[in-house]
Amino acid sequence: MSQQVEAPQAKQLEFVTLVAGGQNFCVEITQIREIRRWTPVTILPHSPFHVLGVINLRGAVIPIIDLAVKLGFEKIQPTERHVIIITAIEDRIVGLLVESVSEILGVSADMVRETPRGPEDPATRAIQGIIPVDDDMTKIINLGALMPSLDPVAA
Amino acid sequence: MATDPSILDTFFEECEDLIVALTEGLTEMRDGAEDDETVNAVFRAVHSIKGAAGAFALDELVGFAHKFETVLDELRSNRLTTDENLLRVLQRAGDVLADLVEAARDNIPANRDQVDPVLNELQAFLGDEDDQPEEEFVFEAMTLDFDNAEEQSGYRVSFRPSHEFYACGHDPELLIKALNELGSATTSVDDTALPDDFGDFDWESGYLTWTIEIEDLATDLGILEIFQFVDDLCDLKISPRDTPLTPGAAPAIELEDLPDIVQTTPIEVAPKDEHPPADTPPVEAPSTGPKADAKPAKRNAISLRVDPERVDRLINAVGELIINQSVISQRLEKAAIPNSSDLFADLDDYKLLAREIQEGVMAIRAQPVKPLFQRMLRIAREAADGTGKDVAIVTHGENTEVDKTVVERLADPLTHMIRNAIDHGIEAPEQRKAAGKPAQGVLTLTASQRSGSIVIEIADDGAGLNRTRIRAIAVEKGLIPADATLSEQEIDQLLFAPGFSTATEITNLSGRGVGMDVVKTAITTLGGRVAISSVPGKGTTFSITLPLTLAVMDGMIINVGGQTMVVPISSILESIRPNTSDISRIGLHGELLRIRGEYVPIVDLADRLGHPPDKRTMTDRVLLLIQTETVPQCALAVDDIFDQRQVVVKSMQGNYGAISGISGATILGDGKIALIIDPDAIALNAAPRNFEEEALHVAAS
């Protein structure tokens, strides 16, 4: 009985949903290390606009990126209510500043729809798919595509 | 023998790194990077492989690398232009070089079908002017192999280790084992030299002579390779197997009057063919026997082999512990706890313990420089042989301990420096005699610890630096203007300029002037400095000063544009609160500091780091007078200085990438990150201002 149920079923995926630039997004849970409250950062000289600075995460130096800016929205003015999502992108650890984190969303892989291609936009380029949720939907962020190489600042 | 396979291993490990660098450089070139630095990087990698391969007599590798390097040198000096075809050949050459390294490591012959076409293509770029001897050299090595293949079918190796052999910690067992791996071998031992009376037994003396017969062996190259590190430490005879074994073939026996005693025959290696060793006297091995004779030099030092990664994790954790300890101290100071509280005494204990653990952990990474020096001795000997000079090599302070990474990364620079010292420093015997010096030159290699630093000195008693010539060459190569006024030290420093070579002819040994450039870069990366002192006619001394450890640094905590930052103490000469009269303006923005009659440029650190401009005048700020390798002196304007403390250095590279002017980061007592300033970079590009970036920063803040 159980075989019959499981075999045809698509892979289960889990996402963490978040809000950045006032819109819903989500990131696959396997890419997330932890979620922290906003803490003041150390500013890096000559850093790009979306790089807020670095924080100390138990001894490691972690860069913090403003996800809203990276997606083409207005810069977030961070307060204590804002959240940093610590993500592992390939072998780098990077923190993403977002407005809030809402829930963990479990869906089967066949629920994920392809991103409809509209006009090019920083946000759509980094979206690898969308998931309908109730009346709304959420967009899956492809972190690898969002930050191909963390723009090490040219000397 | 005990240490020697590990030296080869180290070489191959380094080759792996060099090949990675080489491949990266080539990829960058293919992607359109045409800057000199990329070509230089590729060139250096090939050159380093060639140099080290030369030390191990890997002739095919050397021959190929030489040709490769020559093409790159042409490219570097713009005698060749980059086009599709050249890039393709270079790429292939890179692959072939990697293959050759692998072939050398696995001890298999290189695939000439693959190598030769590329060699020819490389040659095509060079035209006819390339030095032919190098190529002949390669062919010679080939013919040699063939000759041997046809003549020999087996070898007899007879060796008797000397006292020094054992004293150096070599082990005959390993040699015999290695010989057994060459082919089916029969081992026998001659123990007639053993003292009769147990009382006369000197347990560090070599009494035993082993004879190993190896069948089906085409050449003696394999045997020579096994013995290459110990051939001067034992009586070694290698003869074709079909020559009759004369009694005289046994090495001279000094203690003939000593009859038999009970002893252990240390044949622990079963020959592959499992024949009992024919000549071995059937000796019983009583448990009371002096078993020590097999490895007399090995004391009962028990050591632990640990994965270096585990140690690094421990070091990181201890770094955290130290930081955590200062976080707690700082918080307790702020909390209103009476000074009389026991808590502070306990806190002091905590501090002490944490430091103690840190020192202990650091000591795990520390390694004596001895293996490194041994390797250098070999390189020095070979360099001396290669140049036909008579050089005695002396080492001091072999037991000085240095961080493991430092030991590893010193190998390349030291190799270059030693070769340079022998090739250019020490004169030929006739010249020495003419100068009233003994014909034999002396090269001294010294390691010592001086107040928190390790100093390694390479001293020769040669002719000293020829400063007139160095100057002339630098002018010729366009490194300095012809009318430049340089102090002796400044002239000496020219040796480290990229592309500088004092040798008028390119020798196989010390190369094309990349050497000292590489040396300087390697040592600077380790946080060290190189100094030269040279007396004409008396010799030259290079001193390398290195920090004891790479993980901890003494820093000055400063404030710049509201950010707390760290400046390495090692580069700060003094801190100054200037008076108005000490500051003079130059141009629209420039300012100079007058100090003891000298004028020193002022670099506004905040401005340099892209912080919003500071309206305050210099007199409200603190100036740090810094001296770096690249720029004589400059004054860094900072907002304030706090205190001096040890900081744990963290790399920025992993998660972010390099930042101009920043060498790393550290974590302060309050858990916040402070960036560590790289004074060299700051002073060097007292930056062309990037207004766009500045505008962004203003907008951001």
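Biologist: Where in chain B is Leu80(B) found?

Modeller: Helices are DSSP runs of H or I of at least four residues, strands are E runs of at least two, and both are numbered from the N terminus. Leu80(B) lies in the loop between helix H3 (59-76) and helix H4 (84-106) of chain B. This is a predicted model, in which local features need pLDDT of at least 70, side-chain atom pairs count only at pLDDT 80 or more, and totals for chains, interfaces and linings use all residues. Residues are numbered from 1 along each chain as its sequence is written, and chains are lettered from A and ligands numbered from 1 in the order in which they are written.

Biologist: Is Leu80(B) buried, exposed or partly exposed?

Modeller: A residue is buried if 20 or more other C-beta atoms, placed from the backbone, lie within 10 Å of its own, exposed if 12 or fewer, and partly exposed in between. Leu80(B) is partly exposed, because 15 other C-beta atoms are within 10 Å.

Biologist: Leaving aside neighbours within four places in sequence, with which residues is Leu80(B) in contact?

Modeller: Two residues are in contact if their C-beta atoms, placed from the backbone, lie within 7 Å. With those neighbours set aside, the partners of Leu80(B) are Glu74(B), Leu75(B), Leu86(B) and Phe125(B). Leu126(B), 46 residues away in sequence, is 9.0 Å from Leu80(B), C-alpha to C-alpha.

Biologist: How many residues does each chain give to the contact between chain A and chain B?

Modeller: Chain A gives 21 residues and chain B gives 28 residues. Strand E4 (51-57), strand E5 (60-66) and strand E7 (92-98) of chain A each supply at least two residues of the side that touches chain B.
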